[in-house]
Amino acid sequence: MERSYDVIVVGGGPAGSSCARTLVRGGAKVAVVDRATFPRVKLCAGWISAPIWDVLGIAPREYPGGLWPWNTCHVHYRGRAHAVGCTGWFIRRFELDDFLLRSSGATLHTGVVVKAIERDADGLWSVAGLRARHLVGAGGTHCPVARLWETPRPRRPVGVQELELPLDPAAIAAARVGKDGEPELLLHDDLRGYAWNVPKTDWLNVGVGTLDPGEVRAAWTRARTHFRDAGHLPPDAEAPLDHVKGHSYYLYDPVHLDGAARPDADGRGGAYLVGDALGLAQPLTAEGILPSTLSGRLLGEAIVAGDPAGYPERLRDHPVIVDYRRIHRVRVAVSALRRPGSGAGGANGSNGSNGAGHRGRLREGASRLTARAIATGFAWMFSGARLPAPRLVDLALSTHERRRS
Ligand SMILES: Cc1cc2nc3c(=O)[nH]c(=O)nc-3n(C[C@H](O)[C@H](O)[C@H](O)COP(=O)(O)OP(=O)(O)OC[C@H]3O[C@@H](n4cnc5c(N)ncnc54)[C@H](O)[C@@H]3O)c2cc1C
């Protein structure tokens, strides 16, 4: 097997394979090293949103794996069910990652765990017996390349528990809320997490994620009880669901981009992070496949253009990431408003239903409308929609931030 490459990519998930694919198309000699042999299981609900097709450069009909398009998202929030019209797709990660990696055109070194990373006397990276000028860290949350330098992490990662299990399609069809592929989401009252239940014909994917990883186990118990009591889990799912597995990863934070690149002074080589290794997941929904493929592609383009140092800037300026920055600011602003002493009620405050007479009814009506708006907004975001009225949002955020500083 060839030992010298232009680029070594550590990690063959969506971030690593889309980076490799872009580099190979640009004429680079690329090796991808992954400790797993593919196809491999990756904990993931497998939802993807519309912008991913542009990033991957393929149309949905060209994707050879199982694809579940949906047009309704079933959101349960504060005791009420909302069916929200919006669009998205589900895939199985077992298939998607294998497809992306194999079609990347890179030389694959799978079943190889990267432990030591060194630089030789010529300034080349030396990884698992391979050598290259550029090193890409695409190894997910615990990427060994990310450990080479201190990556800024102002917040804790999100905690997630999940299982995708094969079941009788008739049993899944009998228990699901809507059509095949339509997601059911259970939004937490305080919006600090949500659970999902997704039918994929003969597979069911059930899980939960929380902003605070310490809360994920209790949230899983509640979610399971909710889906079971609602009759939305086939009886055969019960025993396997005792064996959900957990993982954690970082939501996008603007300072993460400070750790995106370590280019050499002469620009001819360096080390870079993409995907979960950098911490790019959507700040509200925690969608991670899109920003992973996007960052992989943008880094690949920067290296091909001879501008690897420009990678963080390319990422920062991309419309998807510009929107993430805005959503991150909204999240920070809302958390500040919820803090005790801020003068604003938290999301867990009274829903107004205790009030008597006209004012009580008005409060209840407003509370219902707010809940409906939140459920709808979340479903839209889940389907990959951008924040509406960005200039107005920016103006409101700037005013709020000025007042607080
Ligand atoms: C339970 C759960 C559900 C999720 N659901 C969704 C969803 O529905 N939609 C969505 O968009 N996002 C979802 N995400 C997030 C999404 O899965 C990640 O953001 C995405 O997988 C990140 O891609 P990546 O390529 O950066 O990393 P990964 O997909 O984690 O790939 C990293 C690769 O690096 C390899 N690797 C790691 N360490 C080493 C080493 N030392 N040596 C060699 N190889 C190594 C691993 O084997 C792995 O193949 C979910 C996450 C979790 C945990």
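Reader: What makes lysine 29 count as lying over the face of tyrosine 5?

Author: A charge sits over a ring if NZ of Lys or CZ of Arg is within 6 Å of the ring centre and within 35 degrees of the ring normal. Lysine 29 is 5.7 Å from the ring centre of tyrosine 5 and lies over its face. Arginine 92 likewise lies over the face of tryptophan 203, at 3.5 Å from the ring centre. The model is predicted: local features need pLDDT of at least 70, side-chain atom pairs count only at pLDDT 80 or more, and totals for chains, interfaces and linings use all residues. Residues are numbered from 1 along each chain as its sequence is written, and side-chain values use heavy atoms, without hydrogens and water.

Reader: Why is the pair of tryptophan 53 and tryptophan 89 called edge-to-face?

Author: Rings of Phe, Tyr and Trp (its six-membered ring) pair if their centres lie within 6.5 Å; planes under 30 degrees apart are stacked, over 60 edge-to-face, and the rest tilted. The ring centres of tryptophan 53 and tryptophan 89 are 5.6 Å apart and the planes stand at 80 degrees, so the pair is edge-to-face. Tryptophan 53 belongs to helix H2 and tryptophan 89 to strand S5, 36 residues apart; helices (H or I, at least four residues) and strands (E, at least two) are DSSP runs, numbered from the N terminus.

Reader: Why is tryptophan 53 called buried?

Author: Buried means under 20% relative accessible area, exposed over 50%, and partly exposed in between (1.4 Å probe, protein chains only). Tryptophan 53 has a value of 8%, so it is buried. Phenylalanine 99, at 21%, is therefore partly exposed.

Reader: What makes the link between arginine 326 and aspartate 394 a polar contact?

Author: A polar contact is a pair of N or O atoms within 3.5 Å; within protein, one must be able to donate a hydrogen and the other to accept it, and residues adjacent in sequence count only if both atoms are side-chain atoms. The side chains of arginine 326 and aspartate 394 are joined at 2.8 Å, as a polar contact. Arginine 326, in helix H8, is buried at 14%.

Reader: How do you know that the length of H5 is close to what is expected?

Author: The expected span is 1.5 Å times one less than the number of residues. With 14 residues, H5 reaches 20 Å from its first C-alpha to its last, close to the 20 Å expected.
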